[in-house]
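The sequence and structure are shown below.

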Amino acid sequence: MYLSDMGISGTIPDSYSSLQAVDHLHLYSNTLSGEIGSTVSSLTSLSQLIVNNNKLSGTIPTTVSRLTELHQLWLSSNRISGTISSGLSSLTALEPVSYTHLTLPTKRIV
């Protein structure tokens with residue numbers, strides 16, 4: 001689902017959790033705010049979660065580790081803070097995470 005650069009604002013809608021067949025969720029370059037939340041974590045077929053260049057805040061939810069098909073996770077240029085969950089290390093297909101311009105500790109995932 002490609003909804004990038006469309007002027008979408010507000011939070012990531014809870015209704016997206018019903019989109020079980022979606023494998024690409026591109027929401028970059030909008031003005032989304034609030035937390036990523038558990039809505040995205042219910043999309044278990046997701047291979048790409050591209051939400052960079054928004055106003056998302058809070059932490060990266062630990063439930064993202066449920067996305068076992070995830071290859072790309074782009075979070076850069078948001079207001080996300082906190083630590084990176086060690087659960088992300090269980091996602092063996094995950095390419096390096098794009099999280100530049102976030103307020104995260106520099107500690108590496110082990």
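## Overall composition

The model is predicted: local features need pLDDT of at least 70 and side-chain atom pairs pLDDT 80 or more, whereas totals for chains, interfaces and linings use all residues. Residues are numbered from 1 along each chain as its sequence is written, and side-chain values use heavy atoms, with hydrogens and water left out.

Of the 110 residues, 42% are buried (under 20% relative accessible area, 1.4 Å probe, protein chains only).

## The open sheet

Three strands, in the order E2-E4-E6, form an open sheet with parallel pairing (strands pair if DSSP finds at least two bridges between them). Strands E2 (24–26) and E6 are at the edges with a single partner strand each, so one side of each lacks a neighbour in the sheet. Between E2 and E4 (residues 48–50) there are three bridges; histidine 24 has glutamine 48 as its bridge partner in E4.

## Glutamine 72

Glutamine 72 lies in strand E6 (residues 72–74) and is buried, at a relative accessible area of 18%. Beyond its neighbours within four places in sequence, glutamine 72 is in contact with Ser47, Gln48, Leu49, Ile50, Leu94 and Glu95 (heavy atoms within 4.5 Å). Its side chain makes a polar contact of 3.3 Å with the side chain of glutamate 95 (a pair of N or O atoms within 3.5 Å; within protein, one must be able to donate a hydrogen and the other to accept it, and residues adjacent in sequence count only if both atoms are side-chain atoms).

Methods
Helices (H or I, at least four residues) and strands (E, at least two) are DSSP runs, numbered from the N terminus. Buried means under 20% relative accessible area, exposed over 50%, partly exposed in between (1.4 Å probe, protein chains only).
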